[in-house]
Amino acid sequence: MEIQLGELIDQIKKEGVDAADTQAKAIIDDANAEAEKIVADARAQADKILADAKAETERMTKSSEDAIRHAGRNLLISFRESVARELKAIVEDNVNAVYSSDELAKLIVSIVENWAKQPDAEDIAVILNTQDLAKLQENLLAALKEKMLQGVVLKANDNFDGGFRIAVNNGSAYYDYSAEAVVDMLSNYLSPKVTELLKEAE
């Protein structure tokens, strides 16, 4: 009887220990699963934070690069426009200097002489503003007569400030040598060359 009681006690102890072991194992398994889930969630969150940070960094880098490119383009355009303005001012100063000197009469005579050689050039008229005409008329007529170009007519027109225009064939064709036209022509001719020089300097 004592043996059976001992066996029964051993059996109860064994079952209790087994049950406790099973329960402990279940608790440990649950804890491990929860820990793994927490670690996985933390990793996923960390990966998302890193991905978001990388995307934001790339966006900011691209935005900064675009802003730098845009600022660079604006600066270059502004510089080229400034150079073009300065170039036009220099050309204008030089043209005005020539047109306000005694060289203007020589220039007019030379151009009229060349026009007179054209077979279809008739009724040549030199058009100047009133002020230049009054100043140059005597010298011009003398120079034209000397070159045997007596048929050339001098006319006044105040639609332009300086320089002159040549009209041929009763005014059917005009050739504009006014200060403004010459400045524009020279500036347009020089601008591409300046642009090429600027490109070489980049």
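This is a predicted model: local features need pLDDT of at least 70, side-chain atom pairs count only at pLDDT 80 or more; totals for chains, interfaces and linings use all residues.
Helices and strands here are DSSP runs, a helix needing at least four residues and a strand at least two, and they are numbered from the N terminus.

**The overall layout**

The protein chain carries four helices and four strands. Walk along the sequence and the pattern reads α-α-β-α-β-β-β-α. Of the 202 residues in the protein chain, 19% are buried. The protein chain exposes about 14,900 Å², and carbon and sulfur atoms supply 56% of that area. As for who touches whom, take the contacts between residues at least 6 apart in sequence: 73% of them join residues at least 24 apart.

**The sheet and its helices**

The four strands make an open sheet with mixed pairing, in the order S2-S1-S3-S4. Strand S2 (153–156) and strand S4 (173–178) are the edge strands, each pairing on one side only. From one strand to the next, the twist averages 20 degrees.

Strand S1 (residues 125–128) pairs with S2 in the parallel sense, over four bridges. If you want a spot to look at there, Ala-125 stands opposite Val-153 in S2.

| Helix | Residues | Strands touched | Direction |
|---|---|---|---|
| H2 | 103–116 | S1, S3 (163–168) and S4 | about 20 degrees with S3 |
| H3 | 130–146 | S1, S2 and S3 | about 175 degrees with S2 |

H2 has 14 residues and reaches 20 Å from its first C-alpha to its last, close to the 20 Å expected at 1.5 Å a residue. Its buried residues are Leu-104, Ala-105, Ile-108, Val-109, Ile-111, Val-112 and Trp-115.

Leaving out neighbours within four places in sequence, Ile-166 is in contact with Ile-111, Val-112 and Trp-115, with Ile-124, Ala-125 and Val-126, and with Ala-173, Tyr-174, Tyr-175 and Tyr-177.

Not counting residues up to four places away in sequence, Asn-129 touches Asn-157, Asp-158, Phe-160, Asp-161 and Gly-162.

Ala-181 is the other one, found in helix H4. Its relative accessible area is 23%, so Ala-181 is partly exposed; that label covers values between the under 20% cut-off for buried and the over 50% cut-off for exposed. Ala-181 and Arg-165 are 16 residues apart along the chain, and their C-alpha atoms are separated by 9.9 Å.

Notes
Residues are numbered from 1 along each chain as its sequence is written. Side-chain values use heavy atoms; hydrogens and water are left out. Two strands pair if DSSP finds at least two bridges between them. Axes are lines fitted to C-alpha atoms, for helices over the stretch in contact, and angles run from 0 to 180 degrees between N-to-C directions. Contact means heavy atoms within 4.5 Å. The expected span of a helix is 1.5 Å times one less than its number of residues. Buried means under 20% relative accessible area, exposed over 50%, partly exposed in between (1.4 Å probe, protein chains only). Accessible areas come from the Shrake-Rupley method with a 1.4 Å probe; for residues, only the protein chains shown count as cover.
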